[in-house]
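Open the model in your viewer with the whole chain shown as a cartoon, and keep a selection tool at hand. The stops below run from the overall fold to single elements.

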Amino acid sequence: TDDKAMLDIVTGLEGLAAHMKSGSTFIETSTVSPKASEQAAQLLAPIGINYLRSPVSGSTATAEARQLTVLASGPRHCFDASLPILRCFSAKQYLVGESEEARYLKLVLNTMVGAMSALVAEALAIGRSGGLDMATMLEVLNNSAVASPLIRYKTQMMTDDNYTAAFPVTGMMKDFDLALAVAEGQEMLLPLLTLVRQSYQTAFASGAGDKDFFVLVKQLADAQLSRNGT
């Protein structure tokens, strides 16, 4: 779930570093910070354990269908040797570098995914203010220039108003915090990400931390109804 959990698995009393044999490979698929990932690499390298950072992109449904995308970085020979394992749960596998590149790329994807929820929430609010219903708007969106696999995947959730988590608000908050920490360390200003992170904080404060991150759509709809006195 976070940096500490991953590092505990590597370094704890029963951790992998104490039990894995030299020459073996640690394949790690979580979304963690580049800093924590680098710490793990520094712990594993002296004892001869190869480290393949392999965060995945996809949802619970794509995981069940073995259609995840693997974003890997690490030694090429480890990636090649690990492909039979990676292909058991993914449809595409990319080797994007030899160090922490995969960690950065996962943050690229998740910040864009997280921002999409906020953007869709505000766009649909405009439509609702003009009398459009959710199903009509989403049908048109899914057959327009702004259609995306993400919106299609979340369409049923939005039309049913059922935000059982495929990926929870708390998880998205963690990922945004990782991205913003990277930005702070490199003195980058990311004002849009900061604002979207605040939207998730509001959802969390309202008790929706365990709901799917697309609950921002419901949060804005409920706020709109409240302002209208309905």
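Among contacts in the chain between residues at least 6 apart in sequence, 64% join residues at least 24 apart, a contact being heavy atoms within 4.5 Å. This is a predicted model, in which local features need pLDDT of at least 70 and side-chain atom pairs count only at pLDDT 80 or more, whereas totals for chains, interfaces and linings use all residues. Residues are numbered from 1 along each chain as its sequence is written, and side-chain values use heavy atoms, with hydrogens and water left out.

With everything still displayed, note that the C-alpha trace spans about 65 × 35 × 30 Å along its principal axes. The chain has 10 helices and five strands, taken as DSSP runs (helices H or I, at least four residues; strands E, at least two) and numbered from the N terminus. Of its 230 residues, 39% count as buried, where buried means under 20% relative accessible area, exposed over 50% and partly exposed in between, with a 1.4 Å probe and protein chains only.

Next, select β3, β4 and β5, which form an open sheet in that order with mixed pairing; two strands pair if DSSP finds at least two bridges between them. β3 and β5 stand at the edges with a single partner strand each, so one side of each has no neighbour in the sheet. Between β4 and β5 the pairing is parallel, over five bridges, and V70 has Q93 in β5 as its bridge partner.

Finally, move to helix α7 (residues 149-160), where L150, I151, K154, T155, M157 and M158 are buried. Step just past the end of α7 to select D161, which takes a positive phi of about 55°.
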